Amino acid sequence: MSQRLATAEPWLCAAPLLAVLAPFFVAPIIVVLAASFLQGDGAGGMLPQFTLDNYAAVFGAGLTWKLYLSTVKFAVLTWALTLLIGFWIAYFLVFQVRNRLLAIGLFLLCTVPFWTSNIIRMISWIPLLGKNGLVNAVLQGSGVIGQPLEFLLFSDFAVVVAYVHQLTIFMIVPIFNTMSRIDRRTVEAARDAGASRWEAMRLVIIPLSKNGIALGSIFVLAIVMGDFFVVKVMSGGGSASVVSALYEDIGVLQYPPAAASAVVLLAVVVLMVSLILRTVDVRRELAR
Amino acid sequence: MNLDATRRPWTFWVLAALFAAYVLALYGPMLCIYVLSFQDVRGGLVFPMKGLATHWFVDLFTQVRTGDVRGGFERSITLALVVTVLTVLGSFLAALAFRRGFKGDGVVFYLMIGSLVAPGLVLGIGIGLLFQWLGLEASWTTSALGAHLSWTLPFGVLVMFAVMARFDRAWEEAARDLGATRWQTTRLVIVPILAPGLLAVALFGFTLSYDEFSRTLQTTGGLNTLPLEIWSMTLNVTSPSLYALGTVTTVASFAIIGACLAVIAVIQKRRT
């Protein structure tokens, strides 16, 4: 093979990937960026006139700040809960289940629902959390409460439940992977050197699991920040997110304001992800 | 101080309880809707169960008000299969490229991360507008296909990174030393060794596409994929038909995973 062809080969191999990313990621982002500076004609079209009005509208509206507050609230709550649950489940599987085969079996048990529809998994809370649902029926039957609890379904509570239900797996998988590679002798050495079990956790296991935690956090935060679907269905229309508001704009063909809002959201998500990426070398972590 | 090494610490039982609760919360709600989908005509959205019949499954595929479930189902399966094939090929080639390294691979890597974390609806709107400006018609076979690939392909490449990390280059070098051409090395050594990893990529590609919603919404054109049909059903339909659809899609997912796992098992068996 000629030298020239050999150096071009990796590029040829990467070409299909680029052939997807260029028209379906880079170009659309540029289009959205461009649209955010255009003037709407009030009828779903756009006039080729440069304006900053769309951004002024986004930053000027009190609604924007409310939406971000609500979205960030959901993101932080979901992140904290999925991290808490995901971390302890990964720790349990890696360090406390002694039979390796059993641990892998239990791990797979956690991943199975990932292969089924998210939407279906979300509506599956209806028979449980509804006003006449199973949870209320049991609580009323046992005399704990007199009236059915209304906040269980179509509320912020239900939104968080649905998020945690869907996204904990995104924490478990990377943390499980990172933890599996921790040399157990480091933990034993810490214990032999007099560390309590809690100190071994805090000073050895958590730092060594950092990369998995970072990777999981990126997925969970990016998904919640970009979601509108769970919020819309599970809050029963009571709550909104940045993207659900954006979706309403699109519904009435308000493209330029929606585009400006999208650009701001994109900037926020990129900022969040790059802050996390600073703490971890994802590429090396994956190739380890 | 616990001198008995085989005795489990108290935290084991706490975490075991947490794990059990998690699995229960994971499967419990889904099992509920599978059970409730087999009610008869009197059935509602909550327990108690009313009768035992397949009424809502028939309803699902025959009623107009439940939408074009059959069409959505067929489109989603077709699209997912095409996405799967392209994802496997694309991520395998890209993984080879990243392994050798090339000028600008860092930029391409961050583009991939960007494509993964970008809010799906935003990307969908961008693709929709792009098609509109270019005078092309959005359709599930073009714009939605691209939108799905912008999500499954980077995901597949990341999985391939992890798969490639466990690949021993010595095998490849041995093949070359024995006189194999590059093509023969790829076909007879690299691909067979990576086959289980490639199947894992296929499994991810299929599921992510089959279940994709937010990137599809603005890019599918006039004909809906299944998740979009389910979405509009959640807004309009308040009968156990919804649950019947849940049962049907889950069975379809599991049939496909089962087939994939069976292929992996056969490959592993032939090796030993």
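This is a predicted model: local features need pLDDT of at least 70, side-chain atom pairs count only at pLDDT 80 or more; totals for chains, interfaces and linings use all residues.
Q: Which residues have the most contacts inside the largest nonpolar core, and how many residues does this core have?
A: A nonpolar core is a set of buried Ala, Val, Leu, Ile, Met, Phe, Trp, Tyr and Cys residues joined through C-beta atoms within 7 Å, where buried means that 20 or more other C-beta atoms, placed from the backbone, lie within 10 Å of a residue's own. Here the largest such core has 150 residues, and A:Trp125 and A:Ala262 have the most contacts inside it. Its largest share, 14 residues, comes from helix H8 (residues 156–180) of chain A, helices being DSSP runs of H or I with at least four residues, numbered from the N terminus.

Q: What does A:Ala262 touch?
A: Two residues are in contact if their C-beta atoms, placed from the backbone, lie within 7 Å. Leaving aside residues up to four places away in sequence, A:Ala262 touches A:Val32, A:Leu246, B:Val122 and B:Ile125.

Q: How many residues does each chain bring to the contact?
A: Chain B gives 72 residues and chain A gives 69 residues. On the side of chain B that touches chain A, the largest share, 15 residues, comes from H1(B).

Q: How many helices and strands has chain B?
A: Chain B has ten helices and zero strands, and 44% of its 272 residues count as buried.

Conventions:
Residues are numbered from 1 along each chain as its sequence is written. Chains are lettered from A and ligands numbered from 1 in the order in which they are written. Helices (H or I, at least four residues) and strands (E, at least two) are DSSP runs, numbered from the N terminus. A residue is buried if 20 or more other C-beta atoms lie within 10 Å of its own, exposed if 12 or fewer, and partly exposed in between; C-beta atoms are placed from the backbone.
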